[in-house]
Amino acid sequence: MKMGFKENIRFAFIDEFANEIGKEKAYRMMSNFKCERVPALEYFLTRDYNGRIKPYIVWDDSKNIIVAYFTLITTCMILKPYEKTDPEHTKEKDVEKIISCIELEHFALNDVYLKLVKEDGYSNSGIGNYVFKEYISTVIAVLVSEVNFFYLILHAYNNDKVINAYRNMGFETMEDDAEAVIPTLSDVRALHSDYAGDCKFMFRDVESILTDLD
């Protein structure tokens with residue numbers, strides 16, 4: 001991707017972002033965020049943000065505009081229970097059936113920024129991939145050095161373009177894994193699948209993220 005403003009892009013957790021540029025300016029930049037494809041991702045910053053789930057902010061320091069934001073939360077996948085289990089054993093927590101994960105709960109690019117990049121004569125088609133590799137993967141690398149988890153998961157907006165974009169970032173769906181390349185995922189479900197509606201469950205093993213960083 002030919003990205004003309006790469007040297008001006010900054011990245012920080014929202015508290016640091018607000019302290020660095022000032023709360024009033026940070027609020028203004030958040031209020032100007034647009035995501036027409038998935039309005040809920042826009043509203044998270046522009047009207048619903050309450051500090052309970054804090055995002056990481058990627059912004060262009062020269063244009064005073066948010067490029068993207070993302071949030072990460074702890075979660076897990078669980079192995080489906082076997083048909084026959086020891087009644088006594090079911091009273092205990094079976095950690096062998098828990099696959100700890102981090103969920104990419106929100107990830108959105110700013111339509112306003114994408115439009116500016118295009119107007120300046122640059123391609124904006126690879127910005128999402130750039131943010132994932134440069135910033136999300138970096139955070140994952142730091143977290144995995146301190147916390148035990150094995151997969152980065154997400155629930156993608158069920159749109160072919162969106163799903164293919166995540167596939168280009170290395171994510172798979174359960175259908176993609178039909179050959180059981182990752183055997184442990186052949187018999188699991190997402191713990192949070194009930195809240196995801198029509199979204200598509202996708203996953204990527206952390207080891208592959210670290211390998212790409214190397």
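**Exercise 1. At what angle do helix 1 and helix 2 pack, and which residues make the contact?**

Solution. Start with the geometry: helix 1 (residues 14-21) and helix 2 (residues 23-31) pack at about 120°, and their axes are 6 Å apart. Helices here are DSSP runs of H or I with at least four residues, strands are runs of E with at least two, and both are numbered from the N terminus. The axes are lines fitted to C-alpha atoms, for helices over the stretch in contact, and angles run from 0 to 180 degrees between N-to-C directions.

Next, classify the angle. Under 35 degrees is roughly parallel, over 145 roughly antiparallel, 65 to 115 roughly perpendicular, and the rest oblique. Helix 1 and helix 2 are therefore oblique to each other.

Finally, list the partners, with contact meaning heavy atoms within 4.5 Å. Helix 1 contributes I14, F17, A18, N19 and I21, while helix 2 contributes K23, K25, A26, M29 and M30.

A quick note before going on: this is a predicted model, in which local features need pLDDT of at least 70 and side-chain atom pairs count only at pLDDT 80 or more, whereas totals for chains, interfaces and linings use all residues. Residues are numbered from 1 along each chain as its sequence is written, and side-chain values use heavy atoms, with hydrogens and water left out.

**Exercise 2. How many helices and strands does the chain have, and in what order do the elements run?**

Solution. Count them: there are seven helices and seven strands. Then read from the N terminus: β-α-α-α-β-β-β-α-α-β-α-β-β-α.

Of the contacts between residues at least 6 apart in sequence, 75% join residues at least 24 apart.

**Exercise 3. Which polar contact does the side chain of T71 make?**

Solution. Locate T71 in strand 3 (residues 65-79); its relative accessible area is 0%, so T71 is buried. Its side chain makes a polar contact with the side chain of H106 at 2.6 Å. Such a contact is a pair of N or O atoms within 3.5 Å; within protein, one must be able to donate a hydrogen and the other to accept it, and residues adjacent in sequence count only if both atoms are side-chain atoms. Beyond four places in sequence, the contacts of T71 include F44, I53 and L104.

**Exercise 4. Which backbone atoms does the side chain of N110 reach?**

Solution. First find N110 in the loop between strand 4 (98-109) and helix 4 (111-119). N110 is buried, with 0% relative accessible area. Its side chain reaches the backbone nitrogen of K34 at 3.1 Å and the backbone oxygen of I66 at 2.9 Å.

Definitions and conventions: Buried < 20%, exposed > 50% of the residue type's maximum accessible area, 1.4 Å probe, protein only.
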